[in-house]
Number of protein chains: 6
Amino acid sequence: MEAKILDTITKLTQSKEFEFPFIDSRSENLMPSTSELEKIVNLLLDILYPGYFSNTILNKSNLQFYLGTNIDKLKNSLYQQIKKGCCFNCDNTTENCENCGNNAYEKTLEFINRLPKIKHLLSTDIEATFLGDPASKNRAEVIYCYPGIKALTHYRIAHELLLIGIPLIPRIITEMAHSKTGIDIHPGAKIAEFFAIDHGTGIVIGETCEIGKNVKIYQGVTLGAKSFPLDENGNPIKGIARHPIVEDNVVIYSGATILGRVKIGKNSMIGGNVWITSNVAENSKILQRRANEIVFTDGAGI
Amino acid sequence: MEAKILDTITKLTQSKEFEFPFIDSRSENLMPSTSELEKIVNLLLDILYPGYFSNTILNKSNLQFYLGTNIDKLKNSLYQQIKKGCCFNCDNTTENCENCGNNAYEKTLEFINRLPKIKHLLSTDIEATFLGDPASKNRAEVIYCYPGIKALTHYRIAHELLLIGIPLIPRIITEMAHSKTGIDIHPGAKIAEFFAIDHGTGIVIGETCEIGKNVKIYQGVTLGAKSFPLDENGNPIKGIARHPIVEDNVVIYSGATILGRVKIGKNSMIGGNVWITSNVAENSKILQRRANEIVFTDGAGI
Amino acid sequence: MEAKILDTITKLTQSKEFEFPFIDSRSENLMPSTSELEKIVNLLLDILYPGYFSNTILNKSNLQFYLGTNIDKLKNSLYQQIKKGCCFNCDNTTENCENCGNNAYEKTLEFINRLPKIKHLLSTDIEATFLGDPASKNRAEVIYCYPGIKALTHYRIAHELLLIGIPLIPRIITEMAHSKTGIDIHPGAKIAEFFAIDHGTGIVIGETCEIGKNVKIYQGVTLGAKSFPLDENGNPIKGIARHPIVEDNVVIYSGATILGRVKIGKNSMIGGNVWITSNVAENSKILQRRANEIVFTDGAGI
Amino acid sequence: MEAKILDTITKLTQSKEFEFPFIDSRSENLMPSTSELEKIVNLLLDILYPGYFSNTILNKSNLQFYLGTNIDKLKNSLYQQIKKGCCFNCDNTTENCENCGNNAYEKTLEFINRLPKIKHLLSTDIEATFLGDPASKNRAEVIYCYPGIKALTHYRIAHELLLIGIPLIPRIITEMAHSKTGIDIHPGAKIAEFFAIDHGTGIVIGETCEIGKNVKIYQGVTLGAKSFPLDENGNPIKGIARHPIVEDNVVIYSGATILGRVKIGKNSMIGGNVWITSNVAENSKILQRRANEIVFTDGAGI
Amino acid sequence: MEAKILDTITKLTQSKEFEFPFIDSRSENLMPSTSELEKIVNLLLDILYPGYFSNTILNKSNLQFYLGTNIDKLKNSLYQQIKKGCCFNCDNTTENCENCGNNAYEKTLEFINRLPKIKHLLSTDIEATFLGDPASKNRAEVIYCYPGIKALTHYRIAHELLLIGIPLIPRIITEMAHSKTGIDIHPGAKIAEFFAIDHGTGIVIGETCEIGKNVKIYQGVTLGAKSFPLDENGNPIKGIARHPIVEDNVVIYSGATILGRVKIGKNSMIGGNVWITSNVAENSKILQRRANEIVFTDGAGI
Amino acid sequence: MEAKILDTITKLTQSKEFEFPFIDSRSENLMPSTSELEKIVNLLLDILYPGYFSNTILNKSNLQFYLGTNIDKLKNSLYQQIKKGCCFNCDNTTENCENCGNNAYEKTLEFINRLPKIKHLLSTDIEATFLGDPASKNRAEVIYCYPGIKALTHYRIAHELLLIGIPLIPRIITEMAHSKTGIDIHPGAKIAEFFAIDHGTGIVIGETCEIGKNVKIYQGVTLGAKSFPLDENGNPIKGIARHPIVEDNVVIYSGATILGRVKIGKNSMIGGNVWITSNVAENSKILQRRANEIVFTDGAGI
């Protein structure tokens with residue numbers, strides 16, 4: 001083997017930078033597995049939208065068998081991942097952290113209990129999306145093809161997991177949707193029913209956002225933080241409300257950027273490409289100034 | 001099994017929300033399969049760009065064998081999916097909807113017949129992309145790595161399928177490209193030859209857009225609808241022309257938003273981040289007002 | 001077989017458009033394989049972040065075995081791909097281009113030698129990302145879930161490969177990250193340590209950008225070219241510096257577009273959605289004019 | 001392409017030997033798929049031996065869900081294969097042979113109805129195997145590891161399929177077991193309960209064998225045909241009873257060969273390596289003559 | 001769903017026959033997994049025969065990395081399976097049987113410690129096989145292609161696992177070899193070095209066999225039990241020595257059957273197809289009586 | 001890491017037993033790959049039996065495309081493996097052994113040229129098998145399910161490869177069939193047309209066998225070597241004719257063992273379980289002496 005390579009191996013072995021997270025040689029408490037979590041999300045798609053993604057012909061008499069089986073499988077796989085997620089945050093590195101195990105089991109059951117609620121919320125999002133897009137042909141197409149629904153399904157699952165107190169996993173799940181759709185909704189955001197996203201690429205909804213009923217947003221919209229206070233060590237202070245509140249019936253067009261803990265009053269319409277860092281009254285319409293339409297007549301490029 | 005879980009299974013079994021789409025217990029007419037359609041798109045890549053994606057060494061004498069085999073495979077797989085797509089929209093839920101079967105077969109042959117045309121259009125897009133990007137090293141790199149070409153390949157396939165009258169599948173195919181590239185071109189849009197996309201993430205091209213020859217657009221450009229009329233029930237009226245017309249030789253820079261049935265006259269240049277909702281005359285140059293470059297000298301954050 | 005299909009096969013067989021790249025019937029010098037390069041990037045993730053992505057429990061005594069094995073595997077697979085990449089650009093189409101083989105082997109060793117440097121640079125990016133985001137819980141979460149780190153890992157690998165003189169492959173690797181994260185960093189860009197990306201979707205960083213230390217950018221930021229000179233044949237002249245220089249400690253907010261060989265002076269802050277095509281002095285703060293906040297009171301849509 | 005190869009392609013294309021079985025270009029009625037049938041057999045293993053092969057933790061409350069799901073899946077997959085099997089034998093080459101479809105559906109239901117009977121018969125075989133082998137540790141080990149049980153499971157499934165009148169598939173299923181275990185039981189053989197096979201490699205049980213209760217056979221035993229009458233064309237006449245009848249409580253040791261329509265009377269024991277072509281009375285013990293134990297004292301090899 | 005099917009589900013749900021082995025709803029202590037054990041055996045092939053089965057180019061400097069990694073992986077996977085095997089036999093059905101866990105860990109280390117011994121024994125078997133077969137071209141071919149070596153590799157691994165006191169798994173491992181090679185060696189048999197098997201199909205070597213050095217056996221040889229005593233309940237008494245002892249330098253030709261606790265004296269040769277149930281003196285040659293060569297001259301079939 | 005494990009790694013690293021076969025660190029000349037050879041055999045099945053194993057609907061017009069594609073793929077994969085096989089035997093360990101490469105390419109073409117001959121011989125074997133088995137329903141069933149045809153297909157492929165002078169690979173291919181069917185035909189044996197195997201498990205046909213036309217053999221038949229001369233070092237002398245010659249129209253029943261360079265004269269019939277080590281005249285019928293049918297009347301076991 002080349003000396004150069006042996007030298008590289010030695011350097012990397014001795015490197016202190018981001019040391020591998022677990023060091024107990026018998027521990028089975030690895031990090032949650034992204035590939036297992038993808039399988040879990042696919043299982044949840046089968047449970048929430050039976051007959052759409054599973055290549056199975058369902059009817060009234062076999063539905064209960066498939067749901068029963070899928071939820072039992074969900075329970076087992078999700079329990080394993082939640083346990084890993086809990087241990088990732090706890091200090092006990094022995095093989096079988098009993099506390100995390102019990103904890104994870106209770107949280108798994110609690111999450112399963114919330115599935116009907118999640119399904120109901122998603123049904124309102126599908127309705128809003130269908131009614132809001134002249135290009136959509138029927139509700140099945142919305143479920144099957146619309147990236148906004150894909151992102152909201154991931155978000156609504158992740159949000160409940162976060163509320164139940166599960167670390168790390170909610171973020172992994174919303175990042176899956178981010179990667180596939182370009183829509184980045186933090187699992188901590190609060191979003192009421194009948195939420196519609198069109199196209200979606202580039203949307204960012206921050207951790208402390210609160211969004212009312214019947215809101216619609218387009219691609220490239222940012223609901224972000226402005227700046228954030230630092231503690232005495234110069235580190236950002238975690239957990240402060242720093243993202244917008246969007247009230248009921250608001251529409252925000254593509255590319256709009258709304259930053260900070262501002263309130264967009266109900267029934268308002270925010271035009272595309274605007275930049276907002278202060279409150280907007282109810283029933284407002286905000287547009288970018290038309291003055292930017294300057295016609296050059298010379299041949300110069302930009 | 002925990003009572004909580006059995007309760008959830010019961011609730012979900014009885015849920016009326018978005019019931020599974022097919023209910024006939026012997027039907028084989030499931031929804032089109034996303035994974036089958038991905039294989040079909042990969043087959044089409046092998047047919048349209050022989051030697052690029054297939055890990056096969058082609059030459060003049062073996063090319064016909066590979067093309068013949070791939071097109072025969074395409075015929076069989078595409079026929080199955082088109083049949084599912086047709087049945088998805090028809091009312092006949094018996095096992096073998098003869099009408100959809102015949103229909104699907106004719107449409108499959110018609111689509112195959114259009115492959116040389118699709119290949120020709122894509123060759124013009126590749127040429128335009130290569131000439132328009134100083135960073136591109138050769139045409140093979142453009143075919144192999146450029147997300148714009150990936151998105152256009154999906155779009156041009158989907159557009160022909162739509163013209164032939166195939167439901168659902170064109171939208172699934174353009175969403176594949178949307179997910180991989182962040183470029184969202186509705187299969188209904190009409191795009192002439194020599195179309196170039198650079199970077200591409202966040203581009204939206206709506207259902208009734210019409211784009212002329214030799215047009216180039218950058219990342220984050222929206223060619224969208226403004227608002228749309230509702231029918232007496234408050235539902236959007238489908239199928240009305242509501243997206244921009246972009247004439248020949250137009251360039252649109254990153255982040256520009258053009259909404260509604262407006263016309264961008266030929267040879268125009270639209271600068272980045274502008275917001276346009278009315279017609280632009282031929283040979284125009286539209287830029288965002290420089291006035292936004294305000295220099296603050298105090299230490300305040302945004 | 002239908003006459004229509006045979007006719008299509010004939011037409012496609014005779015098509016002269018983008019002929020398959022290799023024509024020697026015994027050549028093994030196919031194009032680099034995207035799927036092999038994905039495996040190589042996963043191997044590099046295991047080497048750079050041991051214990052994070054490999055489902056393996058590492059400790060001080062087994063780490064050297066895993067690193068040794070992974071680097072040996074890397075050497076073999078990367079060598080094969082680099083050889084294909086070299087041959088893709090050379091004129092020798094015989095089976096075993098000895099020159100490319102030797103070349104590829106030297107380049108492979110050189111790349112492996114740079115792994116500790118790549119790891120160090122990434123550790124600074126992780127630190128900057130963690131400190132800059134109040135929503136991040138710990139450094140492990142940043143490594144595991146943040147798309148910005150995924151994109152930078154691909155970029156820093158690809159950049160070193162480019163510096164060593166390997167064609168095509170660097171671009172394929174950054175496009176992988178582009179597809180997964182919506183972040184498009186050209187491998188030719190120069191980026192110093194402690195670089196942080198938040199959210200990231202829609203970011204474009206062009207081929208000749210130069211970015212200083214401790215810079216932070218948000219989603220939708222473009223660091224692009226304005227226009228570029230053509231040669232006497234109307235083709236763009238390759239390799240001219242045409243993208244921005246961003247100095248140390250600059251922050252650029254979401255949706256900002258900076259075009260051309262302009263300099264953003266150190267310690268500056270560029271607000272969201274602005275459009276910049278000329279130099280910005282040190283310590284500047286540039287914001288979009290607030291004047292765009294126009295409130296309509298009538299009921300008209302946009 | 002080399003002339004030699006083109007020549008071979010032409011020769012093989014024009015070859016008339018065993019022409020491919022289906023020639024209608026739109027037919028979906030391909031031959032039954034061996035890989036689909038392997039999945040079906042694995043599904044049947046999960047149904048017949050719940051908890052053994054499925055990596056699932058079963059209990060009284062979730063068992064019904066898994067059984068319901070597996071039987072529903074079985075119904076769909078088996079129906080497809082049975083339909084192919086029926087069409088393989090019928091003359092109708094149109095796409096959807098309605099007759100075969102209806103037929104196949106009835107046969108599928110009938111087979112599912114016989115699963116409890118199959119399970120019961122196998123439970124007696126397991127009991128007999130466990131009691132008959134001092135090396136077996138418990139019944140679970142017998143189910144999990146014993147090739148005799150694997151072969152009998154395949155046989156008992158195939159036998160019922162044959163009785164229901166399904167062509168080709170029963171033979172494919174017993175050949176799967178033959179390949180894995182070296183035990184070749186023709187699906188037409190009739191075998192009563194409490195049948196035990198030890199080791200098993202090389203066992204052959206012919207099409208018209210009839211085996212009573214509580215019979216045990218060892219590896220290398222042949223229950224075969226002697227010779228068979230030919231018809232006027234010199235072809236063997238099909239369907240004539242030509243294999244042994246083995247009555248209750250018989251044991252046959254390794255390597256014994258019993259040929260023709262002879263009867264082995266109840267309670268008999270057949271020693272190893274014997275060759276029997278005529279009836280054996282009840283309660284007999286047949287052994288190979290000891291006379292073969294000849295001791296050579298010279299140094300010659302065999 | 002058809003009533004017939006629902007009826008079958010009910011019957012199978014209520015069936016008491018071979019109830020699924022584990023009933024605690026939270027238990028992770030499933031049965032050992034055959035597919036995991038196949039991966040473990042493949043890992044052992046890589047460890048015992050480095051460079052033969054792994055598609056890796058080994059040399060003096062990288063060998064230690066591969067061995068170290070493979071043995072670390074072996075430790076983790078084997079530990080999991082041994083733990084399942086231990087729990088399969090113990091009464092504790094709680095999630096984490098601490099006793100079995102500790103036990104399994106010690107046994108895993110002990111097994112790893114015996115790998116050099118296993119490798120040495122196999123090297124003698126390879127030598128004996130190579131020297132004993134004029135058709136073998138070199139030792140590498142023997143390792144790579146000979147079913148006898150495949151069976152012995154499985155056996156020698158399984159035998160050590162059995163000696164260490166691991167239940168169930170040794171039998172699963174020898175059955176893997178039985179299925180692939182038709183050679184059925186019980187893991188309990190004792191076999192000294194330089195053992196050669198030619199062809200092998202149909203060989204059976206029983207649980208209490210003892211085989212000396214430098215023995216060679218051919219296909220179809222049975223070293224089995226004659227009959228075995230029953231206890232007062234009519235069940236076979238387990239663990240009694242009931243299979244042959246074969247001393248050093250014996251050769252046994254194809255199809256020979258040797259039954260019971262008999263001794264085949266050293267340097268003997270047992271001819272093909274013989275049936276032996278009593279001791280054979282040292283230096284004997286036993287052949288089947290030639291008298292069976294009867295020439296019929298009439299035209300009758302057998 | 002446990003000291004025991006580190007100790008094992010050290011011991012195994014230093015072990016001199018069967019050192020890995022290749023030691024040049026840049027060599028790509030690994031051993032032929034069993035998994036690649038399995039794919040090659042499956043490709044050959046598609047070529048020799050079009051429409052049987054490929055899940056493709058073939059007809060007169062698409063057949064040439066599939067054959068052309070499959071033979072081109074065969075050429076590429078087989079060439080790679082033959083090259084590895086050649087290098088395995090040669091002394092040149094540099095990366096690209098040009099001699100082996102050229103050699104391998106010629107041999108690959110030569111083999112492809114022999115495919116029509118192989119197909120013809122197999123068609124006679126299928127005919128003989130169909131006519132000889134009353135249980136066979138049609139020729140398609142024989143092709144699809146009969147292990148004898150599977151073994152002969154492997155053998156006839158391997159035999160031609162051996163005649164062309166390719167090392168190692170022929171043996172690997174016949175061992176594949178041996179593992180799946182229990183039929184062990186050495187690739188060196190010479191077998192004329194119309195050869196039929198029934199059941200087949202346990203059949204051994206040695207390296208220097210010569211078998212005439214229209215021969216039929218049953219399960220458990222050995223055509224083996226008796227003993228073989230050693231050279232001055234005690235090693236067996238390779239390549240001496242030492243297996244039986246079986247002339248035209250011979251039938252050999254199950255379990256017969258024929259050893260040594262003896263001739264079985266044409267039209268003879270060899271009964272089951274006999275042991276033959278000398279010539280048999282034409283038109284003979286050899287049976288095991290009936291005298292072994294001894295009836296015991298006492299209750300003693302064997």
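**Entry 1: burial and make-up of chain A**

I call a residue buried if 20 or more other C-beta atoms lie within 10 Å of its own. With that cut-off I looked at chain A of this predicted model. Chain A has 302 residues, and 55% of them count as buried. I then listed the secondary structure of chain A and found 8 helices and 15 strands. I also looked at contacts in chain A with a separation of 6 or more. Residues 24 or more positions apart account for 45% of those contacts.

**Entry 2: two domains in chain A**

Next I looked up the domain assignment. It gives chain A a domain 1 at 24–182 and a domain 2 at 189–292. Taken over C-alpha atoms, the centres of these two domains of chain A are 26 Å apart.

**Entry 3: a sheet in chain A**

I traced one open sheet in chain A. Its 5 strands run in the order S1-S4-S7-S10-S13, and the pairing is parallel. Which strands stand at the edges? They are strand S1 (184–185) and strand S13 (275–276) of chain A. Each has a single partner strand, so one side of each is left without a neighbour in the sheet.

Strand S7 (residues 222–224) and strand S10 (residues 257–259) of chain A pair in the parallel sense over 3 bridges. Within the pair, I found Leu223(A) opposite Ile258(A) of S10(A).

**Entry 4: a helix in chain C**

I moved to chain C and its helix H7, residues 147–164. H7(C) has 18 residues and reaches 26 Å from its first C-alpha to its last. That is close to the 26 Å expected at 1.5 Å a residue. Is H7(C) largely enclosed or exposed? I found 16 of its 18 residues buried, so H7(C) is largely enclosed by the rest of the structure. Gly165(C) follows H7(C), and its phi is positive, near 100°.

**Entry 5: how the copies are related**

I superposed chain E on chain D. A rotation of 120° with 0.0 Å of shift along its axis does it, with RMSD 0.0 Å. The two copies are thus related as by a three-fold rotation axis. I repeated this for chain D on chain F. Here too I noted a rotation of 120°, a shift of 0.0 Å along the axis and RMSD 0.0 Å.

Then I compared interfaces. Only 16% of the interface residues of chain E are also interface residues in chain D, so these copies meet through different surfaces. For chain D against chain F, the share is only 16%, so those copies also meet through different surfaces.

**Entry 6: the contact of chains D and F**

Last, I looked at where chain D meets chain F. The contact takes 61 residues from chain D and 60 residues from chain F. On the chain D side, the elements supplying at least two residues each include helix H8 (169–181) and strand S14 (285–287). The largest share of that side, 7 residues, comes from H1(D). I sorted the chain D side by class: 27 nonpolar, 23 polar and 11 charged.

Definitions and conventions
Residues are numbered from 1 along each chain as its sequence is written. Chains are lettered from A and ligands numbered from 1 in the order in which they are written. This is a predicted model: local features need pLDDT of at least 70, side-chain atom pairs count only at pLDDT 80 or more; totals for chains, interfaces and linings use all residues. Two strands pair if DSSP finds at least two bridges between them. Helices (H or I, at least four residues) and strands (E, at least two) are DSSP runs, numbered from the N terminus. Copies are superposed by least squares on the C-alpha atoms of residues with pLDDT of at least 70 in both. Two residues are in contact if their C-beta atoms, placed from the backbone, lie within 7 Å. Ala, Val, Leu, Ile, Met, Phe, Trp, Tyr, Cys and Pro count as nonpolar, Asp, Glu, Lys and Arg as charged, and the others, Gly among them, as polar. A residue is buried if 20 or more other C-beta atoms lie within 10 Å of its own, exposed if 12 or fewer, and partly exposed in between; C-beta atoms are placed from the backbone. The expected span of a helix is 1.5 Å times one less than its number of residues. Domain bounds come from an automatic or database domain assignment.
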